[in-house]
Amino acid sequence: MHFRLEVEGDWPPASVESLWAVDQADGTVRLDNIPWFVRGVACGDIVATEKK
């Protein structure tokens, strides 16, 4: 699962963070690792997906 990040100045040091995710077969995934930069989500959260 990829999350776009807003970079302000030089933080965070990346514009995208990739998290492991397990497909729940209903348009959602369960996040399967701890994010370093993404705010508002945690390992184990179920999130909706959107193809780009």
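Author: Gladly, and let us begin with arginine 30, which is partly exposed at a relative accessible area of 30%. Please keep in mind that this is a predicted model.

Reader: What makes the pair of arginine 30 and aspartate 32 a salt bridge?

Author: The closest N and O atoms of arginine 30 and aspartate 32 are 3.3 Å apart. A salt bridge needs a side-chain nitrogen of Lys or Arg within 4 Å of a carboxyl oxygen of Asp or Glu, so this pair qualifies. A search of the whole structure finds one salt bridge.

Reader: And which label does aspartate 32 get for its accessibility?

Author: Aspartate 32 has 35% relative accessibility, so it counts as partly exposed.

Reader: Where does arginine 30 sit in the sheet, and what is its bridge partner?

Author: Arginine 30 belongs to strand 4, and valine 22 is its bridge partner. Strand 4 covers residues 28–31 and runs antiparallel to strand 3, with three bridges joining them. Two strands pair if there are at least two bridges between them, so strands 3 and 4 count as paired.

Reader: What makes strands 3 and 5 the edges of the sheet?

Author: The open sheet has three strands in the order 3-4-5, paired antiparallel. Strand 3 (21–23) and strand 5 (46–48) each have a single partner strand, so one side of each is left without a neighbour in the sheet. On average, neighbouring strands here are turned by 35 degrees against each other, direction ignored.

Reader: How do you know that asparagine 33 is buried?

Author: Its relative accessible area is 17%, and the cut-off for buried is under 20%. Asparagine 33 lies in the loop between strand 4 and strand 5. Leaving aside neighbours within four places in sequence, asparagine 33 is in contact with Leu19, Trp20 and Cys43. A polar atom of the asparagine 33 side chain lies 2.7 Å from the backbone nitrogen of tryptophan 20.

Reader: Why does valine 38 count as buried?

Author: Valine 38 has 12% relative accessibility, so it falls under the 20% cut-off. Valine 38 is also in the loop between strand 4 and strand 5. Not counting residues up to four places away in sequence, valine 38 touches Phe3, Leu5 and Glu17.

Definitions and conventions:
Residues are numbered from 1 along each chain as its sequence is written. This is a predicted model: local features need pLDDT of at least 70, side-chain atom pairs count only at pLDDT 80 or more; totals for chains, interfaces and linings use all residues. Side-chain values use heavy atoms; hydrogens and water are left out. Helices (H or I, at least four residues) and strands (E, at least two) are DSSP runs, numbered from the N terminus. Axes are lines fitted to C-alpha atoms, for helices over the stretch in contact, and angles run from 0 to 180 degrees between N-to-C directions. Buried means under 20% relative accessible area, exposed over 50%, partly exposed in between (1.4 Å probe, protein chains only). A polar contact is a pair of N or O atoms within 3.5 Å; within protein, one must be able to donate a hydrogen and the other to accept it, and residues adjacent in sequence count only if both atoms are side-chain atoms. Contact means heavy atoms within 4.5 Å.
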